[in-house]
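Dear colleague,

I am passing this structure on to you, and below it you will find some notes on what turned up. Please have it open while you read.

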Amino acid sequence: MQRSRGRSAGLGLALVSALAFGGSGVAAKPLIEAGADPLHVVWLRVAGAALVLLPLAWRHRGLLRRRPALLTGFGLLAVAGVQVCYFAAISRIPVGVALLVEYLAPALVLGWVRFVQRRPVTRAAALGAVLAVGGLACVVEVWAGLGFDALGLLLALGAACCQVGYFVLSDHGGGGDDTADPAGVIAYGFLIGAAALTLLARPWGLDWHLLAGRAELADAAVPAALLLGWVVLVATVLAYLTGVVAIRRLSPQVAGVVACLEAVVATVLAWVLLGEHLSAPQLLGGAAVLAGALIAQSSVPKDGAGVVARTAEPPSPAAAKAAAAGPAGAATEGRPVREGTG
């Protein structure tokens, strides 16, 4: 009975996490369209989350001495890299398209396992990768000569590659006796990501007056500060922390299924609130991408170990998919840190 309650609570938290991550791009894009630099929006998101997570960082301060390489890699790839690429991508292409391209990450992880680590992968995993790539071709409409901004698509692909780094770090972070606590990795990931982004974004040039104004969302003028607050508190802090707790209560396969709702939520919200309509072939392609991602990330390699068996969902973004996605952090016995994404 207690275990059943724990799984039910985990499922609810995973759903909250996916819904929260799904709204990040929709809340951030009006800020960018109102004149905010995408890098500045990323810096505000990451720095704001880092401030909120400071108590967690203090609680797990021993990680700085024990796992500096893991924290640095997580901060630079799963936090800064994913966020910069994703937010820059949605400034040029639709939110739903950017996130679906980002969901190519599990297929890219399979490539890492097969060709870099030289581990065998199952036929089901390979099929999932092929399905995801084929679906992606429909999403970006290759028959129309790539109907979207090429640089935007490359940036979304960059976000997917950063999520691969998140997955690889997950595999290294949870093995052995020195398992890194996921909450601590997330907290320090945001602190390190904020420090790196400060050098890159140069926030002293940020137009703070823009945050005191309004941005257009669904034909309504919404306070920019409210949108930013949603991005920081709901789509980042709440999304990451609920994702961490959920994954500890659920199997990777179940968590992965729920995580795919992030892309669905983001696409629907972008359709309703931003007017970013997708065609029927794109919707079918998006379904194929998500199906391929599910198959790829839930298929266990023949030797029963390795990255493919351990990765459940991207940070968003996402987490870092978490996310840390997101991600799209550290994993142990099939439980990755985070989360995305997004």
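Although R202 is not a glycine, it has a positive phi of about 50°, and at 54% relative accessibility it counts as exposed (exposed means over 50% relative accessible area, buried under 20%, and partly exposed in between, with a 1.4 Å probe and protein chains only). D219, also not a glycine, has a positive phi of about 65°; it is found in the loop between β1 (214-217) and β2 (220-223), and is exposed with a relative accessible area of 81%.

Before going further, please note that this is a predicted model, in which local features need a pLDDT of at least 70 and side-chain atom pairs count only at pLDDT 80 or more, whereas totals for chains, interfaces and linings use all residues. Residues are numbered from 1 along each chain as its sequence is written, and side-chain values use heavy atoms, with hydrogens and water left out.

The pLDDT, which is the predictor's confidence in each residue from 0 to 100, averages 79 over the chain, with 77% of the residues scoring at least 70. Over residues 300-339 it is below 50, although this stretch has 279 contacts in the model beyond near neighbours in sequence (a contact means heavy atoms within 4.5 Å). Where pLDDT is low, the predicted coordinates should not be read in detail.

Leaving aside residues up to four places away in sequence, I93 touches K29, A98, F148, D149, G152, L153 and A156.

On the surface, L15, L19, L261, V264, V268, W271, V272 and L283 form a nonpolar patch with about 650 Å² of accessible area together (patch residues have over 30% relative accessible area and no salt bridge, and nonpolar side chains, namely Val, Leu, Ile, Met, Phe, Trp and Tyr, are joined within 5 Å; a salt bridge is a side-chain nitrogen of Lys or Arg within 4 Å of a carboxyl oxygen of Asp or Glu). Helix α15 gives the most to this patch, with five residues.

With best wishes

Note on methods
Patches are made of residues with over 30% relative accessible area and no salt bridge: like charges are joined within 9 Å, nonpolar side chains (Val, Leu, Ile, Met, Phe, Trp, Tyr) within 5 Å. Accessible areas come from the Shrake-Rupley method with a 1.4 Å probe; for residues, only the protein chains shown count as cover. Helices (H or I, at least four residues) and strands (E, at least two) are DSSP runs, numbered from the N terminus.
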